[in-house]
Amino acid sequence: MTDGAVNQPAGAPRVLVAADKFKGSLTAVQVAERVTTGLRRVVPGLDVESLPVADGGDGTVAAAVAAGFERRTVRVTGPLGEPVTAAYALRDGTAVLELAESSGLQLLPDGVFAPLTATSHGCGELVRAALDAGAATVVLGIGGSAGTDGGAGLLTALGARLLDAGGTPLPPGGGALTALATADLTGLDPRLRDIDLVLASDVDNPLTGPEGAAAVYGPQKGAGPAEVAALDRALAHYADVLGPEFADAPGAGAAGGVGYGALVALGAVFRPGIEVLLDVLGFAPALARATLVITGEGSLDAQTLHGKAPAGVAAAARARGVDVVAVCGRLALPPEELGRAGIRRAYPLLAVEPDPERCMTHAGELLERVAEDIARDFLT
């Protein structure tokens, strides 16, 4: 959306602010607001368009809502089996979902982990809510999951039956998958055959092995070495029953294996999260109107270059010949790596306020100050 610009003469600068959140400090919407305020202190009436972005992780639904999607809420099953309220976004037959809203680590009580029993069941209920709302395309941002259940909860919520040797449904969680004897997918919601289900993630790990869901992400979910090994064995057995052909596919290990469950049973397609979100949010037409793009996130570091939002924004802008600068809290990339990513210059808040704690608590004010610097360097 273009925010409060006055009529500009032909050839006047037009800025597109397409930044992710500063985790722990500012949402992507707040980043855009603060940057706009700082720019206009130096260039009053500057034409600024805000398009908050995300890469499929937390903040994905908020970015869609900021782009004009309708925010909807639904009660679903949380990661520990308790009811939670989860939001999704809907516009013109496209639904944007975020697994973390229903099944995320963020929903666990402080200090509580359930690596063997946490479920993705609520994520399946979110998908079903989108189907009920008439969605023909479902974009599922997968990241931040509390569990490592291979998407078993997702599938059972959509009608699958996962049974042990006695024909009894398995209890929730990845730990139970070692007892899986039969996967009956005939009861899956038939509407799934008629939709496009897109998995949006910056994680391309396989399901199992040293780079798999349990080994790489299990410790973040409270799994010790013995539990990691048990979960990896359980996921390998699960894949043997459902079908091993997708176990090594990029994204199979995303969100504790939810990627695998969606790929093997739901006909999902995996795509890098930022690419999907830029398409869905309407980045291309916004970029066509811009003479300068400002992107960013809380920390610009090596991870940024592997599918994070600023790298995706910069790549798309560079392909169109539009200059890109970045704002961040912390900068851990040398100028040559920024340049290779398509970012001309980065403006870290820590360069203005070296105290990390004050940098977090006063991020908004500091962001306005660096936006003033950007305006002086690129717009005057």
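Helices (H or I, at least four residues) and strands (E, at least two) are DSSP runs, numbered from the N terminus. Contact means heavy atoms within 4.5 Å.

The model is predicted; local features need pLDDT of at least 70, side-chain atom pairs count only at pLDDT 80 or more, and totals for chains, interfaces and linings use all residues. Residues are numbered from 1 along each chain as its sequence is written, and side-chain values use heavy atoms, with hydrogens and water left out.

## Strand order and pairing

Two strands count as paired if DSSP finds at least two bridges between them.

Strand β11 (residues 292-300) and strand β12 (residues 323-331) run parallel and are joined by 8 bridges. Within this pair, L300 has L331 of β12 as its bridge partner. β1 and β2 also run parallel, with 4 bridges between them, and R14 stands opposite D47 in β2. Together β1, α1 and β2 form a right-handed β-α-β unit. A crossover is right-handed if, with the strands pointing away from the viewer, the path from the first strand over the helix to the second runs clockwise.

In a regular strand the side chains alternate between the two faces of the sheet. In β2, D47 and E49 point one way, V48 and S50 point the other way, and all are buried. Buried means under 20% relative accessible area, exposed over 50%, and partly exposed in between (1.4 Å probe, protein chains only).

## Strand β9 and its partners

Of the 6 residues of strand β9 (residues 196-201), 5 are buried, so the strand is largely enclosed by the rest of the structure. β9 pairs in the parallel sense with strand β6 (residues 137-141) over 5 bridges, where T137 stands opposite D196. β9 also runs parallel to strand β10 (residues 269-272), with 4 bridges joining them. The bridge partner of S201 in β10 is P272.

## Nonpolar cores

The largest nonpolar core has 59 residues, and L97, L154, Y238, Y260 and L266 have the most contacts inside it. Apart from it lies another core of 40 residues, including A18, L277, L278 and L287. A nonpolar core is a set of buried Ala, Val, Leu, Ile, Met, Phe, Trp, Tyr and Cys residues joined through side-chain atoms within 4.5 Å.

Beyond its neighbours within four places in sequence, L154 is in contact with S120, H121, C123, G124, V127, V258, A262 and L266. T60 lies in helix α2 (residues 60-66) and is buried at 1% relative accessibility. Not counting residues up to four places away in sequence, T60 touches A54, D55, V96, E98 and L277.

## Cysteines

A disulfide is taken as a pair of cysteine sulfur atoms within 2.5 Å; by this rule the count is 0 disulfides. The sulfur of C328 is 9.0 Å from the closest cysteine sulfur, that of C359, which is too far for a bond. C328 is buried, with a relative accessibility of 0%. C123 is also buried, with a relative accessible area of 0%.

## Positive phi angles

Most residues other than glycine have a negative phi. D92, not a glycine, has a positive phi of about 50 degrees. D92 is in the loop between β4 (83-91) and β5 (94-98) and counts as exposed at 75% relative accessibility.

A255, a residue other than glycine, also has a positive phi, near 55 degrees. A255 is in the loop between α7 (225-242) and α8 (258-266) and counts as buried at 10% relative accessibility.
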